[in-house]
Amino acid sequence: MTDNQHNGKSSNDSMQKLLARQSEAKTIRKIVGIISLSIIIIIGCLVLAGYLYVQSALKPANPKNHQLKKVEIPIGSSVSSIGSLLEDKGIIKNGFIFKYYVKFNNETGFQAGTYGLSPSMTLDQIIKYLKTGKVAKNAEVKITVPEGIQLTEIATIIAKNTPYKNVEIMKHLDDKKFVTKLMKQYPKMLSKDILNPEVKHPLEGYLFPATYYFYEKKPSLDSIIMKMLDKTNIEIKKYQDDLSKQNLTPQKMLIMASLIEEEATSKADRHKISSVFYNRLKVGMPLQTDPTVLYSLNKHKDRVTYKDLEVNSPYNTYKIKGLPPSPISNAGELSIEAAIHPAKTNYLYFLAASKTGKVYFSATLAEHNQLKAKYITSQK
């Protein structure tokens with residue numbers, strides 16, 4: 001074979017190899033293209049399916065089912081646990097989607113309680129109910145506890161709305177075994193101080209004023225009491241940081257709030273009343289608030305006499321210095337807030353005008369006596 005023949009053969013072989021490689025590369029590109037396209041299609045299908053699934057999960061679980069289901073949201077529930085609970089009850093389609101819908105919309109402030117929810121509700125409707133504490137209207141028992149009333153009065157309200165007798169309710173409220181069990185369930189709220197022998201009723205001041213709904217004809221006393229304690233616990237948690245900064249225990253705060261609640265009129269500045277009590281504590285003055293005397297006497301009347309002031313009781317703030325051993329009533333949110341955030345004043349005295357109920361404050365006894373002569377004594 002001549003050199004020319006050899007070179008020609010080599011050139012042909014190279015060309016064939018090049019064509020083969022090009023064909024192979026083309027085939028690989030086709031395969032890669034097909035695989036890539038397939039992946040894109042699969043991803044697209046997954047995204048579409050996911051989108052459709054999310055959209056479906058955001059819709060009511062069953063638009064035609066308007067039947068209300070009882071849903072109990074425990075105290076301290078996370079959004080995840082609420083979502084799981086609602087999914088288990090068939091109220092929503094997916095608890096996971098509910099969780100991220102809530103977070104995406106920056107929704108907060110869910111309240112513990114018993115709710116009547118239906119599968120026909122939208123997520124926004126459900127969230128609104130859980131935030132406002134709005135429960136269903138088909139509750140078997142409704143108990144409304146006003147602000148500023150005492151435990152014995154709350155027992156009477158419970159008795160009027162349930163089959164339980166007043167004596168039975170008070171016995172349960174004051175039962176040490178029951179109270180001790182509650183102390184374990186609410187360790188940050190209920191301290192050992194509530195079992196102080198000087199305390200009249202361990203749970204005085206801890207049953208929050210609100211309207212409570214129950215879905216049984218005869219809810220247990222435990223469930224009634226604990227629902228009210230749950231509400232108080234929620235209120236206290238709102239101010240946990242402030243309480244810590246001021247080195248104020250929940251009990252001392254509720255005691256102060258109850259005094260403010262009892263002294264405040266519709267025209268009173270609770271924050272200023274709060275400042276008077278705190279100012280007196282700072283300088284070692286007795287609080288000298290009439291409602292504590294009446295609490296000592298187990299009486300309700302408009303005017304306290306000099307004889308009443310002589311009652312020998314750890315609650316009589318005309319005789320003792322400092323706070324009484326426990327709250328004397330259940331305080332509302334306004335009084336609680338005032339007890340935690342008193343106004344900055346130098347006032348040591350206040351009084352309510354006989355005719356108008358307007359409250360006047362003063363820093364000195366002389367000024368106080370002048371106001372007393374003008375708005376109380378002269379009005380008799």
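Me: Let's start with Lys181: how accessible is Lys181?
Reply: Lys181 is partly exposed, because its relative accessibility is 39%. The cut-offs are under 20% relative accessible area for buried and over 50% for exposed, with partly exposed in between (1.4 Å probe, protein chains only). Keep in mind that this is a predicted model, where local features need pLDDT of at least 70 and side-chain atom pairs count only at pLDDT 80 or more, while totals for chains, interfaces and linings use all residues. Residues are numbered from 1 along each chain as its sequence is written, and side-chain values use heavy atoms, with hydrogens and water left out.

Me: OK, and which side chain does Lys181 meet in a salt bridge?
Reply: That's Asp222, at 3.0 Å from N to O. A salt bridge here is a side-chain nitrogen of Lys or Arg within 4 Å of a carboxyl oxygen of Asp or Glu. Helices are DSSP runs (H or I, at least four residues), numbered from the N terminus.

Me: How many salt bridges turn up in the whole structure?
Reply: The search finds 7.

Me: Which residues are linked with Lys231 in a network?
Reply: Glu235, Lys238 and Glu333 are linked with Lys231 by salt bridges. Lys231 and Glu235 have their closest N and O atoms 3.7 Å apart, and Glu235 meets Lys238 at 3.2 Å, N to O. Lys231 and Glu235 are about one helical turn apart, because 4 residues separate them in helix H8.

Me: Is Glu235 buried or exposed?
Reply: Glu235 is buried, because its relative accessible area is 3%. Lys231 is buried too, whereas Lys238 is partly exposed at 49%.

Me: Switching topic: at what angle do H5 and H6 pack?
Reply: Helix H5 (residues 151-161) and helix H6 (residues 166-173) pack at about 130 degrees, with axes 9 Å apart. That makes H5 oblique to H6. Axes are lines fitted to C-alpha atoms, for helices over the stretch in contact, with angles from 0 to 180 degrees between N-to-C directions. Under 35 degrees is roughly parallel, over 145 roughly antiparallel, 65 to 115 roughly perpendicular and the rest oblique.

Me: Last one: where is Thr289 found?
Reply: Thr289 is in the loop between helix H11 (270-283) and helix H12 (290-297). Thr289 is buried, with a relative accessible area of 0%. Tyr315 is 26 residues from Thr289 in sequence and 10.0 Å away in space, C-alpha to C-alpha.

Key
Helices (H or I, at least four residues) and strands (E, at least two) are DSSP runs, numbered from the N terminus.
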